[in-house]
Amino acid sequence: MAQAAMEAYVAGDPVDDGRLIAAMASPEQAEASQLPNTGVSVDMERLLSSAFISTPAYGTRCTSLIRLDRSGEARFFERRFDAGGGIAGEKREVFELREV
């Protein structure tokens with residue numbers, strides 16, 4: 001599940017970018033007992049509970065990952081999706097952050 005992968009990353013477990021991107025692409029939905037009551041239908045609530053949402057009218061259009069290390073290196077990755085949930089493009093950048 002996406003939440004478990006993110007928790008492992010925050011806890012300091014070695015997780016590579018590919019695993020984080022895969023976690024953010026997970027269509028796994030929460031169980032009904034885990035859903036909040038926000039006023040929408042249970043079916044819609046389940047749909048919205050996944051890390052990656054894909055419907056004809058609504059869904060994930062972009063996933064971004066920004067990593068900063070102690071030396072000042074920043075890595076940016078972005079994956080864009082079309083309306084059908086297919087990959088529409090990717091962008092990678094690496095740059096150094098400096099004090100001004």
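Which residues make up the largest nonpolar core?

Modeller: The largest nonpolar core is a set of five: Leu20, Ile21, Met24, Leu65 and Phe77. By nonpolar core I mean buried Ala, Val, Leu, Ile, Met, Phe, Trp, Tyr and Cys residues joined through side-chain atoms within 4.5 Å. Buried is under 20% relative accessible area, exposed is over 50%, and partly exposed is in between (1.4 Å probe, protein chains only). Bear in mind that this is a predicted model, where local features need pLDDT of at least 70 and side-chain atom pairs count only at pLDDT 80 or more, while totals for chains, interfaces and linings use all residues. Residues are numbered from 1 along each chain as its sequence is written, and side-chain values use heavy atoms, with hydrogens and water left out.

Helix α2 (residues 17–24) gives the largest share of this core, three residues. Helices (H or I, at least four residues) and strands (E, at least two) are DSSP runs, numbered from the N terminus. In α2, the buried residues are Leu20, Ile21, Ala23 and Met24. Looking down the axis of α2, they fall within an arc of 160 degrees, so they line one face of the helix; that arc is taken from the directions from the helix axis to the C-beta atoms.

Now for the strands. β1 (residues 62–68) and β2 (residues 73–81) run antiparallel, joined by seven bridges; strands pair if DSSP finds at least two bridges between them. Cysteine 62 has arginine 80 in β2 as its bridge partner. Four residues sit between the strands in this hairpin, and glycine 72 takes a positive phi near 100 degrees there.

On to β3 (residues 87–96), which runs antiparallel to β2 with nine bridges. Alanine 74 is partnered with phenylalanine 95 in β3, and arginine 75 stands opposite valine 94. The hairpin of β2 and β3 has five residues between the strands, with glycine 85 at a positive phi near 90 degrees.

The rings of phenylalanine 52 and phenylalanine 81 have centres 4.7 Å apart and planes at 75 degrees, so the pair is edge-to-face. The cut-offs: rings of Phe, Tyr and Trp (its six-membered ring) pair if their centres lie within 6.5 Å, with planes under 30 degrees apart stacked, over 60 edge-to-face and the rest tilted. Phenylalanine 52 is in the loop between α3 (42–48) and β1, and phenylalanine 81 is in β2, 29 residues apart. Both are buried.
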